[in-house]
Amino acid sequence: MPTNVVLGARDPNTNIWSNAADIDAIGGTKTLVNGAWTPGAALGSYGVDYVNNVAWAVANGTSRDFAVITNPNTVKGDFDGDGEVTTADLKILQAAINSHSTNPLYDLNGDGKVNALDSVWLIQHYTHPGGAQ
Ligand SMILES: [Ca+2]
Ligand SMILES: [Ca+2]
């Protein structure tokens with residue numbers, strides 16, 4: 001499996017895909033496994049079972065959708081996890097700004113605030129001209 005993908009979970013409140021272990025605030029050690037889930041796997045373990053075509057996570061949240069996504073930490077500004085920085089990511093960022101988010105994930109220019117300057121940063125780092133998908 002490519003190292004730039006992780007098991008993601010979608011927060012039903014924000015619709016944003018994040019690392020499944022991150023979204024449940026597990027922190028600490030996360031373990032990516034190639035293979036089936038086994039009883040006793042530690043919290044934060046997640047993996048892909050190619051044989052049975054299943055992705056799984058040992059997470060403590062509920063009401064999540066799980067999927068294999070691009071590592072959200074790999075491409076800065078790629079909030080929907082498709083590996084590219086596009087207008088779709090700008091919409092997610094603008095929703096975060098409008099909700100006065102303080103999540104450092106959205107602080108793209110690193111000034112400690114989540115505001116319009118981060119939108120400017122994202123637009124300047126579109127993967128394709130004009131933020132095309
Ligand atoms: Ca994206
Ligand atoms: Ca900022």
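Let us begin with strand β4, residues 45-49, which is joined to β5 by 4 bridges, the two running antiparallel. Two strands are said to pair if DSSP finds at least two bridges between them. Strands here are DSSP runs of E of at least two residues, helices are runs of H or I of at least four, and both are numbered from the N terminus.

A word on provenance. This is a predicted model, in which local features need pLDDT of at least 70 and side-chain atom pairs count only at pLDDT 80 or more, while totals for chains, interfaces and linings use all residues. Residues are numbered from 1 along each chain as its sequence is written, and chains are lettered from A and ligands numbered from 1 in the order in which they are written.

Within the pair, Tyr 46 has Ala 57 of β5 as its bridge partner, and Asp 49 stands opposite Val 54. The hairpin of β4 and β5 has 4 residues between its strands, and there Asn 53 takes a positive phi near 55 degrees.

These strands belong to an open sheet of 3 strands, ordered β3-β4-β5, with mixed pairing. Because β3 (31-34) and β5 (54-57) each have a single partner strand, they stand at the edges, and one side of each is left without a neighbour in the sheet. From one strand to the next, the twist averages 15 degrees, taken between N-to-C directions of lines fitted to C-alpha atoms, on a scale from 0 to 180 degrees.

Of its 133 residues, 30% are buried, that is, with 20 or more other C-beta atoms within 10 Å of their own, the C-beta atoms being placed from the backbone.

Which residues have the most contacts inside the largest nonpolar core? They are Ala 20, Tyr 46, Ala 57, Ala 59 and Leu 93, in a core of 22 residues. Such a core is a set of buried Ala, Val, Leu, Ile, Met, Phe, Trp, Tyr and Cys residues joined through C-beta atoms within 7 Å. Domain 1 (1-74) and domain 2 (75-133) both give residues to this core, so it lies between them; the bounds come from an automatic or database domain assignment.

Terms used
A residue is buried if 20 or more other C-beta atoms lie within 10 Å of its own, exposed if 12 or fewer, and partly exposed in between; C-beta atoms are placed from the backbone.
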